Amino acid sequence: MRLRVVVGDLAREPADAVVRPVVDRHSRLLGRADPDLLRAAGPAAEAAYAELMALSEPGSWTAGEAVSTTGGDLAARWLIHVVVPVFTVRRPEHLLAAGYRNVLAVADSLGVTTLAMAPLGMTHPYWPLDIATRVATGTLTNTITRVREVRLVVRTPAACDAIAEAVARELPG
């Protein structure tokens with residue numbers, strides 16, 4: 001699998017699927033997520049997500065869980081929603097890693113070969129950069145998947161440079 005870091009807008013990123021982080025419902029930040037990506041996906045994706053929420057028991061989504069809906073108006077066919085745990089010193093990294101593994105499993109079930117996502121923990125809810133990049137690179141490169149390319153999409157060249165340097169440190173030469 002090829003792992004790339006690019007500057008861009010997830011809503012416009014050409015990929016089979018785009019990943020949308022959702023904040024862990026067990027945190028104090030209950031229900032916070034990236035509303036812009038869902039809004040950009042349009043009414044069909046918003047309705048599909050609302051239906052998923054309505055069918056779920058309150059608090060039943062756990063950290064690391066991933067589900068998919070239509071991509072709606074996005075360039076991507078699918079929108080994968082993943083529950084990202086809020087960082088605390090007592091919050092184990094394996095929950096963040098589970099998010100990546102579950103995103104890849106959902107992507108595989110949909111036949112996705114190209115995946116675009118903001119690095120988990122590098123948007124709300126935030127994790128320290130060193131931990132987030134170590135978990136991202138370690139999990140994405142060591143998980144068996146049929147996904148051929150994962151693009152970690154950031155908004156600024158400075159963020160791209162910082163993450164690309166961190167990824168380069170984590171991946172073997």
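How many bridges join β2 to strand β4, and do the two run parallel or antiparallel? Seven bridges join β2 to β4 (residues 78-84), and the two strands run parallel. Strands here are DSSP runs of E with at least two residues, and helices are runs of H or I with at least four, numbered from the N terminus. Two strands pair if DSSP finds at least two bridges between them.

Before I continue, colleagues, the model is predicted: local features need pLDDT of at least 70, side-chain atom pairs count only at pLDDT 80 or more, and totals for chains, interfaces and linings use all residues. Residues are numbered from 1 along each chain as its sequence is written, and side-chain values use heavy atoms, with hydrogens and water left out.

Let us take Val19. Val19 stands opposite Ile80 in β4, while in β5 the bridge partner of Val19 is Met117. Three bridges join β2 (residues 17-23) to β5 (residues 114-117), again in parallel.

We move on to β6. Four bridges join β5 to β6 (residues 149-154), which run parallel, and Thr114 has Glu149 in β6 as its bridge partner.

Now the whole sheet. Six strands form an open sheet of mixed pairing, in the order β1-β6-β5-β2-β4-β3. β1 (2-7) and β3 (66-70) stand at the edges with a single partner strand each, so one side of each is left without a neighbour in the sheet.

Finally, a side-chain feature: Arg20 lies over the face of Tyr49, at 4.6 Å from the ring centre. The criterion is NZ of Lys or CZ of Arg within 6 Å of the ring centre and within 35 degrees of the ring normal.
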